[in-house]
Amino acid sequence: MSYTAWKTFGFVAAHHSSGVRLHTHSYKVTVELVSASLVIPGSVIGTDDLDPVKGWLETVFDRKDLSESLGPWWEMVGLDYGTVPTAEHLAELIFYVIRDARIPGLPLGVTSSVAAVKVQETETSSAEFRP
């Protein structure tokens, strides 16, 4: 038996790739957490446990050109500096940053229970990373 919880965050950012002009999206990021047990008061995570993720997304992603600003983060999780910021790659990046506890203040219960990250780029387009 296991319990699953999701938390969704949003940010606005731009990106471009070869042959595609610079454009913006209102992204939604959903973090999926799975646990065999519940923490007090009967939930997978505490209500504030993912606040560091929200702060990190706002600092690193919000109002940025992701094609230009994520190089060091790509390398930190083992991807190439020039990785194209598709929804698939963003989901992978965010997953590993959470799982590997690269966000200050993130509780270990979150890092050990993250199961997947979904990035929604438009109302009809999203990608999920689940290792």
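Biologist: What makes E128 partly exposed in this model?

Modeller: This is a predicted model, and E128 has a relative accessible area of 48%. Buried means under 20% and exposed over 50%, so E128 at 48% falls in between and counts as partly exposed.

Biologist: Why is the meeting of R130 and E128 called a salt bridge?

Modeller: The N to O distance between their side chains is 3.2 Å. The cut-off is 4 Å between a side-chain nitrogen of Lys or Arg and a carboxyl oxygen of Asp or Glu, so the pair R130 and E128 qualifies.

Biologist: And what does R130 do with E32?

Modeller: R130 forms a salt bridge with E32 too, with the closest N and O atoms 2.9 Å apart. R130 sits in the segment after β4 (125–129) and E32 in strand β2, so this pair ties together parts that are 98 residues apart in sequence. Put together, E32, E128 and R130 are linked in a network of salt bridges.

Biologist: How do you know whether E32 is buried or exposed?

Modeller: E32 has a relative accessible area of 9%. Buried means under 20%, so E32 is buried. R130, at 43%, is partly exposed.

Biologist: Strand β2 covers residues 20–35, and S35 is found there. Why is S35 called buried?

Modeller: Its relative accessible area is 17%, and the cut-off is under 20%, so S35 counts as buried.

Methods
Residues numbered from 1 in each chain as written. Predicted model: local features only at pLDDT ≥ 70, side-chain atom pairs only at ≥ 80, totals over all residues. Heavy atoms only, no water. Helix = DSSP H or I, 4+ residues; strand = E, 2+ residues; numbered from the N terminus. Buried < 20%, exposed > 50% of the residue type's maximum accessible area, 1.4 Å probe, protein only.
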